[in-house]
Amino acid sequence: MTALPEWLTIGEVTARSGVPHTSLRFYEDRSLIVSYRSPGNQRRYRRSVLRRLAFIRAAQRVGLSLEQVSDALATLPADHAPTRRDWTRLSRSWRHELDARIDALIRLRDDLDGCIGCGCLSLQRCALYNPADKQAVNGPGAPKLRPTTEGGT
Ligand code: FES
């Protein structure tokens, strides 16, 4: 496998990133990625767009909104390939958000077979963890599934 050239066609970007043309245009319309025009007026992308696309897709997979992604990508330089330092700065700004999501996922994975304090009182364990729905004082929803940053118990 040889390395891709510095400037890529839309077909090369789609083939390497797995992102369809339509999504590339969608991201471009929202300034998440940038393309340039060749002397023949054809759309060209910097090879560094592949990292941006991978970042956008990964962020969407964990439920982050395009607005959050857009705000994060806006911290990166537009006129050259972002450096490791640029990405480090970006990832630091997201650490809290991602930690909260990781925490929520771990709670969902680990607590779903027990009483989650939702008020249903449908499991035997509810009598222990949530007798007479005492968890209702902690607010709406299931306190066991709330990320700890929201004061989950
Ligand atoms: S699981 Fe719903 S109150 Fe226990």
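Leu112 touches Arg107 and Leu145, residues up to four places away in sequence not being counted. The model is predicted, and the exercises below start from this residue.

**Exercise 1.** Locate Leu112 among the elements of the chain and state what separates its C-alpha atom from that of Lys144.

*Solution.* 
1. Helix H5 spans 84-111, and Leu112 lies in the loop between H5 and H6.
2. Lys144 is 32 residues apart from Leu112 along the chain, and their C-alpha atoms are separated by 8.7 Å.
3. The contacts of Leu112, counted beyond four places in sequence, are with Arg107 and Leu145.

**Exercise 2.** Determine how the chain is divided and describe the interface between the two domains.

*Solution.* 
1. Domain 1 covers residues 1-82 and domain 2 covers residues 92-134.
2. Taken over C-alpha atoms, the centres of the two domains are 37 Å apart.
3. Contact involves eight residues of domain 1 and four residues of domain 2.
4. The size of an interface is often expressed as the accessible area lost when the parts come together.
5. Between domain 1 and domain 2 this buried area is about 470 Å², with carbon and sulfur atoms giving 69% of it.
6. Val62, Leu64 and Gln68 supply 68% of the area that domain 1 buries against domain 2, more than any other three residues.

**Exercise 3.** Characterise the polar links across the interface and the side that domain 1 contributes.

*Solution.* 
1. The count of salt bridges between domain 1 and domain 2 is zero.
2. One residue pair is in polar contact across the interface, both residues being at pLDDT 80 or more.
3. On the side of domain 1 that touches domain 2, the elements giving two or more residues are helix H3 (49-61) and helix H4 (66-73).
4. H4 provides the largest share of that side, three residues.
5. By class, the side of domain 1 comprises six nonpolar, two polar and no charged residues.

**Exercise 4.** Find how many salt bridges the structure holds, and examine the one between Arg47 and Glu6.

*Solution.* 
1. The structure holds six salt bridges.
2. In the pair of Arg47 and Glu6, the closest N and O atoms are 3.4 Å apart, and the cut-off for a salt bridge is 4 Å.
3. This pair links distant parts of the chain, 41 residues apart: Arg47 is in the loop between strand S3 (43-46) and H3, whereas Glu6 is in the segment before strand S1 (7-8).

**Exercise 5.** State the confidence of the prediction for the chain and its elements.

*Solution.* 
1. The chain has a mean pLDDT of 85, and 93% of its residues reach 70 or more.

Conventions
Residues numbered from 1 in each chain as written. Predicted model: local features only at pLDDT ≥ 70, side-chain atom pairs only at ≥ 80, totals over all residues. Heavy atoms only, no water. Domains from an automatic or database assignment. Contact = heavy atoms within 4.5 Å. Buried area = accessible area lost by both parts, 1.4 Å probe. Salt bridge = Lys/Arg side-chain N within 4 Å of Asp/Glu carboxyl O. Polar contact = N/O pair within 3.5 Å; in protein donor to acceptor, adjacent residues only side chain to side chain. Helix = DSSP H or I, 4+ residues; strand = E, 2+ residues; numbered from the N terminus. Nonpolar A, V, L, I, M, F, W, Y, C, P; charged D, E, K, R; others polar. pLDDT = per-residue confidence, 0-100.
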